[in-house]
Amino acid sequence: MTTSHYIAGRWVEGQGSDCISVNDPALGQPFAELMAASVAQVDQAVTAARGALPAWKNTSASERAAYLRGFAEQLGQRREALITLQMRNNGKPRHEAEIDLDDAIATFGYYAELAEQLPSKNRDVPLAAPGFSARTRLEPVGVVGLIVPWNFPLVTSAWKLAPALAAGCTVVLKPSEVTPLIEQAYGQIADALGLPAGVLNIVNGKAETGAALSNHNGLDKLSFTGSNSVGSQVMRSASAQCRPVTLELGGKSAIVVFDDCDVGQAVEWIVAGITWNAGQMCSATSRLLVQDGIADALLPRLQAALEQLRVGNPLTEEVDMGPLTSQAQWLKVAGYFATAREEGLQRLAGGKALDRDGWFVSPTLYADVPKDSRLWTEEIFGPVLCARRFATEEQAIAEANDSRFGLVATVCSADPERAERVADALEVGHVWINSVQAVFVETSWGGTKGSGIGRELGPWGLSAYQSVKHVTRCLG
Ligand code: NAD
């Protein structure tokens, strides 16, 4: 049993009623257990964050930047332990676990720099009218609740924690019940750095704990990353209190491949876009749109590439793809395989669970999927790719945009002008041209339509935790 809640600068045991099993998905077996936080403990965490706010928001920006640099350094010092834990609990291949850690480190380093620039943003505003002066003051939003999913635990939390702390907010973080141990590192680092008690609090638990946090009237803002169904509940709680909310939700993103592409290179991009993290990415490019002139050459090579991927236990084998992270996700993906059979989809690769212990599925490709298929329209969150052919650029843009989601897209073309034109026409938050899933802290993250509200990363990620104040003075 693990003691895993960090409240007011102390580690405490959970007093909730849920017992959470922490699983190794490659074996389908638990390796740790913890008790969820109770509703009263969530309240204690929010109270601690409220109590810590006045002093924290008045620290100098350079002091906060020093703490953020400390987080980056301390993550680096815990490198091997954090990589192994992600491999064991998420089922991530080693190279993916390493990239996640490096992303989290880069995020804290980046927001340390932005924190240092904060004083220069509080400046006078030139006014056309005489007799008045005005100045801008960027203030922290206040006490913020952060609720995150399990697919990139270190990264998703870093994208929220680092800008929130940089802005001068105090926080209560609720990690996912699927991966509750990984983000404990942030509490341990807070301890090691002597971060003032209550600035960062961590409560673990399932839906009840998340709901206790998102409904709490002591929050000034909630930032949520997760599914659309829970996001909509979180938004309802925020609306009841007219409270701001950032939502990073699901996706059903397109990868558009024009017939001037090198087939081998295109196959590499397509495979990476659907099998990284076993396809459990909000930004998975799970809808392949391939131009008529290249489709017959590309689809057999794509099928072969998917079938050749090494799927296995990242802790004991050399693998390209690990298991799905939870049994629930494995059952969900298996349900889509059943739907594909009922719909009579043309299966070119995979479409089944692997015959071994653990929550493995094979990388899957369906071709010529009808536009109204559930597999074409719904987020599956697994290594399941659906393909359709297109004739013209206009048709590709229309089909890519024909989705209730709008998170990301990839455009593959040897014609730079066309690629830029298509990128501009896609109704999403981020487009990659001739690359996949390349995320940089300086660029924004977030979606249009059903993929959410607001942006993370870059200066936009910091603004999400700031309130703009102006002070206007009569000079007369
Ligand atoms: P989820 O919505 O089930 O859970 C997310 C978090 O919400 C967890 O911590 C969970 O415990 C908590 N929660 C559950 N019920 C709650 C409630 N009633 N009130 C408050 N909190 C509650 O999502 P998941 O399965 O953990 O993650 C997968 C989803 O996350 C996918 O849809 C994926 O696309 C999305 N996601 C989006 C992004 C993005 O940046 N847009 C990034 C990663 C994941």
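Me: Is T325 buried or exposed?
Reply: Buried means under 20% relative accessible area, exposed means over 50%, and partly exposed is in between, with a 1.4 Å probe and protein chains only. T325 has 2% relative accessibility, so T325 counts as buried. This is a predicted model: local features need pLDDT of at least 70, side-chain atom pairs count only at pLDDT 80 or more, and totals for chains, interfaces and linings use all residues. Residues are numbered from 1 along each chain as its sequence is written, and side-chain values use heavy atoms, with hydrogens and water left out.

Me: Where is T325 placed?
Reply: Helices (H or I, at least four residues) and strands (E, at least two) are DSSP runs, numbered from the N terminus. T325 sits in the loop between α10 and α11 (327-343).

Me: Which residues does T325 touch, not counting residues up to four places away in sequence?
Reply: Contact means heavy atoms within 4.5 Å. With that exclusion, T325 touches P25, N89, N90, W150, V178, Q280 and W359.

Me: Which backbone oxygen lies 2.8 Å from a polar atom of the side chain of T325?
Reply: A polar contact is a pair of N or O atoms within 3.5 Å; within protein, one must be able to donate a hydrogen and the other to accept it, and residues adjacent in sequence count only if both atoms are side-chain atoms. Here the backbone oxygen belongs to N90. The backbone nitrogen of T325 is also reached, at 2.9 Å, by the side chain of Q280.

Me: Where is Q280 placed?
Reply: Q280 is in the loop between α9 (263-275) and β13. Its relative accessibility is 1%, so Q280 counts as buried. Leaving aside neighbours within four places in sequence, Q280 has contacts that include W150, F152, P323 and F381.

Me: What is the strand order in the open sheet of seven strands?
Reply: Two strands pair if DSSP finds at least two bridges between them. The order is β14-β15-β16-β13-β12-β18-β19, and the pairing is mixed. The edge strands are β14 (346-349) and β19 (430-433), each pairing on one side only. Axes are lines fitted to C-alpha atoms, for helices over the stretch in contact, and angles run from 0 to 180 degrees between N-to-C directions. Neighbouring strands of this sheet are turned by 25° against each other on average, direction ignored.

Me: How many bridges join β12 to β18?
Reply: Four bridges join β12 (residues 254-257) to β18 (residues 408-412), and the two strands run parallel. I255 stands opposite T410 in β18. Helix α10 (residues 292-308) packs on the sheet, with β12, β13 (287-291) and β14 among the strands touched. The direction of α10 makes about 140° with that of β13. Helix α13 (residues 393-401) also packs on the sheet, touching β12, β13 and β16, and its direction makes about 175° with that of β13.

Me: Which residues form the covered face of β3?
Reply: In a regular strand, side chains alternate between the two faces of the sheet. In β3 (residues 19-24), the covered face has I20, V22 and D24, and the uncovered one has C19, S21 and N23. Six bridges pair β3 with β4 (residues 29-35) in the antiparallel sense. D24 stands opposite Q29 in β4. Their hairpin has four residues between the strands, and G28 takes a positive phi near 70° there.

Me: What is the phi of D368?
Reply: Most residues other than glycine have a negative phi. D368 is not a glycine, yet has a positive phi of about 50°. D368 lies in the loop between β15 and α12 (374-377). With a relative accessible area of 37%, D368 is partly exposed. Q437 also has a positive phi, near 55°. Q437 is in the loop between β19 and β20 (448-449), and at 18% relative accessibility Q437 counts as buried.
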